[in-house]
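Please look over the structure below before reading my remarks.

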Amino acid sequence: MPENRRRKTRTKVRIRKKADPTKRNQLAANGQQILTDLSQKSAWAELQKVFFAVCSIALTVLPNAVAWERGGVSARSQHYISMTLLLMICILLPFMVSSARVVRERTLWIPLVLAGIWITTFLQTIQIPGGLLAFIAPGSNAAYFDWIPEGIRAESFKVNLPNAESLASTWAPISIAPWLTTQALTALSLFSVTLVLSITLSKSRYFIALFLSMTCLSGAVMALFATLKAFYPNGSPLADSMFEATLNAKNPFGSFINANNAAGYLNAALACGIGWLIFLSTKHRELNRPGIYLSEQIGSWGERYLQALAARIRHLQGSTIAASLLCLLIVIGIVASGSRGGLLGTTCGFTVLFANFWGRKLRLKRSTTVITSTAIAVTVGLLVILGPFNRDFGRALADDPTAGSRIAHWRDATVTAWNHLPLGSGIGTYRYAYLPYQQHGDIEWFLNADNIYLEWIVEGGIWLLPSLAVICFIFATFLQKLERLNPKPQTNAILVSGWFLMISLGVSQAFDFALLIPANFIIVAVIAGSVIGCLDQKKRQRSSRGAQTNSGRVAENQTRLSKLPPRNERTKDPSVSNRKHRNEPPLQLASIVLLVFFAITLLIAQSQAKAASLSDNVPQSDAFTAGERFDEYTLDYLARATEQWVSQIPYSSTNPGLHLKAANLKLTQERYYLTNELQKLGVNYQTAWRSLQPQSLRRLHFKSLQKSSLGMPVRSLYETIPESSREPFVSARKHALEALLRCPLSLDARVALIELDFVSPEAASTSHDLMVQLAMLQRSNPKPIAWVRQLAKVHPGQKTIAAINRFALDQQPTSFPEIWTNVLQEVELKTKRRNAERLLPTTAEIDATGVNTTKPNSPEERSSLAKETLDFAINSIPENPTLLINAAEDVRTPVEIKTALLAKANELLSDPTKSITQDEQTDFEKGRLLQLQGSLTAATKHYETAIKADPGKHAWRFRLVQVLEQQQEYEFAEEHLKRCLLQSPGNEKYRKKLRALQTKTNTRGPG
């Protein structure tokens, strides 16, 4: 019977199929369509995997490749980075649009803040009215309207600069160097795009493992060469071949600018190395190897540790050993670099990791553990690395001159930040912003503040640093959420890397600016994006408390599903939460819009980087600028290359550096042409080349004008140059004008304008202002001040030299001996010239018979020259009674100048509004003044009053000894001198004077 029933059933089925052939064909067609769709989706998925793998490899190689290319700081490197990221966006964007990947709100938090920072930074480059600028950025207003002479603005209109009207108007941007702010926008776009791309790519565990391992390997190789260079200070062939001094760095470290920047890269590589080590260790759980972890052991505390250690050694792999050795090598490289900030960051990173581990064991609050451990690590690290406990490694803070100059520099940066509040000076403009406010520090020009937080306050005012603090807070929150997820290898790896990177770089950047280097901030962007990506794709780990069995969970889910309405009615019931269907499309669209926005910013950045990369392709060599001889073929090639390069730099370019290089190239090319012409006339090649440099032409030009003013029929040098040779000089000055208007605090633009002030009569009138401003901007560097003083001797003259001397003494009174010696030499030289000019004619007249009728200088003219010399000496000293009296005490000072100096000092000391604030100092200076004037009794009273107010100054008491000696009060003088010796026992000057007084006392006898 059962068999017959089965047969009947089969027969019925066969009859039913034969009875409905149309439906059978429709089912077959539907099945074929489903198979076709599945095959297409499978092909699209395979293509997506291939492209994702290619982009993952590219994003892994990118930061490590630019790390060996000077850290990626050059414009050319940033151009290549932009092109690579744009190509990756073009590849991944179609897959991101077509994918149904769930996007959560937290994915957009950091990119939204970055977009706001980009927009605000872009607004800093837009011109606004001067009145509004003075309110929101007073430092920028002063830069554009106080540091650009009016003669420069007038000249820009006269020479018809294409954009003179906009540049010389009353409108100006917040940024004092807009092209540098544009370069900062480039870096911000690179960081943002890398972050978004890493969020997309981090869903693959292989991308995270590849990135961590490759970055660790690159950092270990760099650390190896750093260690070799540290152990072989005289030179190691292997290290020297890889490590070259770049950008005139004092302490070159690989391809980075300095050791601190490279230490930042090594800390980032160490974070990746630790993450890679964690990744390899966590894989043991997936390989079902029990007994490796401490929690899986039994017995006492010590026994469990020994069992876990034995199990780990038994299951140890070669990759784990390699990762450990690479991390150790990176740590050695950080120590060998000598970067105390980098070592402090490494110490704090390890401290926080260990404290985090033990805090988790003790069930402590994570935020409290991180903050407390970081504070302890920073305090202890500063005491050990920078404090008096450090004797073997590095130098103590009190004995380190660079540390002292850095602290003084930070004081100047604080003043700078205060003057640029509330909106800052413009991102990336610190190198110019602090110059007008520099009072301390080294003689060199600081391009960065050596404190990234202080630098951001100067450049961004009240908005930039809080915005970045919000990003750090969001990132720390993400790290805390990531700890509660399933312990997958990539999750644990990127979690540990994120914590170590945030702490180590966050601490070390208080002494450096490594985060501004592309090789470093791209690694930070990848790790931050990986944290967000892992957080979006993982589910929260269920709490172990109240855990249910699988059967209980199934029953609970069935009960919950039975209460839900039918699928086609769920969206109609507003009381039922359907968050995924309601929120996914807007969030997906928002993520795509953000990516497109950052792609547009990257396009803008790419164009700016391409324009800035022209500076890396200047068609010249050191031999070309030094004046070496070339054959005609090479000169023709350089001429064509120079013309082609300069043609790419229009006057509307926003980069003043390109304008200055174009001016330099034009002048160099013209010098070669004129040198060859002079060589044809028999002039030595090197002599002709040196005589045609701008400073030599300037000196000869103004010397000829001086001779013509004395009645000699001499043409100026510029008038003797052919018309065709004048155009490069005019064009070069136009480019220099454009550079100064684009960057009002530029030093190079001022130098170029000073050297080319002989081009036109109108240009010479602004030289005084430019020279004084250049001395003010380089107030702590005596070399530029001396250079400007030499140029001012030729033109504009002693008035400018006196103003420069006055400012230099006002800033650095300790430089008085050197400056006053130069003043006396100039006075002596001027006196000799005045005496020689008594025999020279002022006019040369030839009568009809051919007789030369000349007249000597009149007494009035000679008196005028003497007054000019006297005014020069007096105006070279600021209104400081101490300096005026110091100049009068100099035995080399002429009598008439000495009298004038004492009169001015007496006027200042007699005026209460101009006197020194300390009364004892005023009494002491009055005593010096009266002593020089011969009023010894009155000088004695003032000295005694000053000493009574401040008995500890033995130098003042020695002045009283000298006055008493002049009054032949030897006993009182000897008594005061013995007190001086009590305060300064080893002073040989005092001992010698005491022996002289005792000799005079014995010679005179008692009474």
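1. Some ground rules come before the details. This is a predicted model, in which local features need pLDDT of at least 70 and side-chain atom pairs count only at pLDDT 80 or more, while totals for chains, interfaces and linings use all residues. Residues are numbered from 1 along each chain as its sequence is written, and side-chain values use heavy atoms, with hydrogens and water left out.

2. The structure holds 15 salt bridges, a salt bridge being a side-chain nitrogen of Lys or Arg within 4 Å of a carboxyl oxygen of Asp or Glu. One of them joins aspartate 757 to arginine 698, with the closest N and O atoms 2.8 Å apart. Because aspartate 757 lies in the loop between helix H32 (747-755) and helix H33 (761-764), and arginine 698 in helix H29 (residues 694-709), the pair ties together parts that are 59 residues apart in sequence. Helices here are DSSP runs (H or I, at least four residues), numbered from the N terminus. Both aspartate 757 and arginine 698 are buried, where buried means under 20% relative accessible area, exposed over 50%, and partly exposed in between (1.4 Å probe, protein chains only).

3. Arginine 959 and glutamate 889 also meet in a salt bridge, at 2.8 Å from N to O. This pair links distant parts of the chain, with arginine 959 in helix H43 (residues 954-966) and glutamate 889 in helix H39 (residues 881-889), 70 residues apart. Arginine 959 counts as buried because its relative accessibility is 19%, whereas glutamate 889, at 25%, counts as partly exposed.

4. In the salt bridge between lysine 978 and glutamate 974, the closest N and O atoms are 3.6 Å apart. These two residues are 4 residues apart in helix H44 (residues 970-983), so about one helical turn separates them. Lysine 978 is partly exposed, at 43% relative accessible area, while glutamate 974 is buried, at 13%.

5. Turning to the rings, the structure holds 17 aromatic pairs. Rings of Phe, Tyr and Trp (its six-membered ring) pair if their centres lie within 6.5 Å, and planes under 30 degrees apart count as stacked, over 60 as edge-to-face and the rest as tilted. The pair of tyrosine 430 and tyrosine 434 is stacked, because the ring centres are 5.3 Å apart and the planes lie at 10°. Tyrosine 430 is buried at 1% relative accessibility, and tyrosine 434 is buried at 0%.

6. Finally, arginine 671 lies over the face of tryptophan 689, at 3.9 Å from the ring centre. A charge sits over a ring if NZ of Lys or CZ of Arg is within 6 Å of the ring centre and within 35 degrees of the ring normal.
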